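Here is a short report on one protein chain. It starts with the overall fold and then turns to the helices.

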Amino acid sequence: MVVGTGIGGALAVGGRVLHNRRDNFGAIGHMTVRPNGDRCTCGNRGCLETVASARALATKTATAEQVAAAAAQGDPTSARRILRAGRELGLAISSTLAFLGFSTAVVGGGVAGALPQMLPAIVAELDDRTAMLGTCHVHPGALGPHAGAGAIGAALWTLEGP
Ligand SMILES: [Zn+2]
């Protein structure tokens, strides 16, 4: 998963990224987590992206990064925003893992800097919802905030092909 301004995803099996004709395989950011939630850029309501992306975490006066920093400093309002986003991410990740029978998710992107703060909520959701899968893991992406860089994806696409 790439959690940045929006939320994207991909599925990898046996070391190969899976593709489909529309190239939208793994669009986890548009998984509905709140059926009556806010309108998403895709036209749906309550997509994960509307509650856990950088755009969703930002306030009128603070960026998502600033909200995460304030949460780390103990601001309770910011901490609640981060916790709620972590729960929603955990809900979407656990649903995805259960559907696919996977046990590992990797989270990177611009909001991944807040992952240590979100991780307890994500793990709690996984523990509650994926008992049938055994132990599931969420790892920070090795590329951190650069995971969403289109140039990296384009370069890999060129090297690996569809
Ligand atoms: Zn959407």
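## Overall layout

The protein chain has 6 helices and 6 strands. Helices (H or I, at least four residues) and strands (E, at least two) are DSSP runs, numbered from the N terminus. The order from the N terminus is β-β-β-β-α-α-α-α-β-α-β-α.

This is a predicted model: local features need pLDDT of at least 70, side-chain atom pairs count only at pLDDT 80 or more, and totals for chains, interfaces and linings use all residues. Residues are numbered from 1 along each chain as its sequence is written.

## Burial and contacts

Of the 162 residues in the protein chain, 36% are buried. A residue is buried if 20 or more other C-beta atoms lie within 10 Å of its own, exposed if 12 or fewer, and partly exposed in between, with C-beta atoms placed from the backbone.

Two residues are in contact if their C-beta atoms, placed from the backbone, lie within 7 Å. Among contacts in the protein chain with a separation of 6 or more, 59% join residues 24 or more positions apart.

## Helix 4 against helix 5

Helix 4 spans residues 76–100 and helix 5 spans residues 115–129. They pack at an angle of about 40 degrees, and their axes are 7 Å apart. Helix 4 is therefore oblique to helix 5. Angles under 35 degrees count as roughly parallel, over 145 as roughly antiparallel, 65 to 115 as roughly perpendicular and the rest as oblique. Axes are lines fitted to C-alpha atoms, for helices over the stretch in contact, and angles run from 0 to 180 degrees between N-to-C directions.

Helix 4 contributes residues including Ile82, Leu83, Leu89 and Ile93 to the contact. On helix 5, the contact residues include Met118, Ile122, Leu126 and Arg129. The contact residues of the two helices comprise 12 nonpolar, 4 polar and 3 charged. Here Ala, Val, Leu, Ile, Met, Phe, Trp, Tyr, Cys and Pro count as nonpolar, Asp, Glu, Lys and Arg as charged, and the others, Gly among them, as polar.

In helix 3 (residues 64–72), the buried residues are Ala64, Val67, Ala68 and Ala71. They lie on the same side of helix 3, because their arc around the axis is only 100 degrees. That arc is taken from the directions from the helix axis to the C-beta atoms. Their cover includes helix 2 (54–57), helix 4 and helix 5.

Threonine 59 sits in the loop between helix 2 and helix 3. Threonine 59 is partly exposed, because 13 other C-beta atoms lie within 10 Å.
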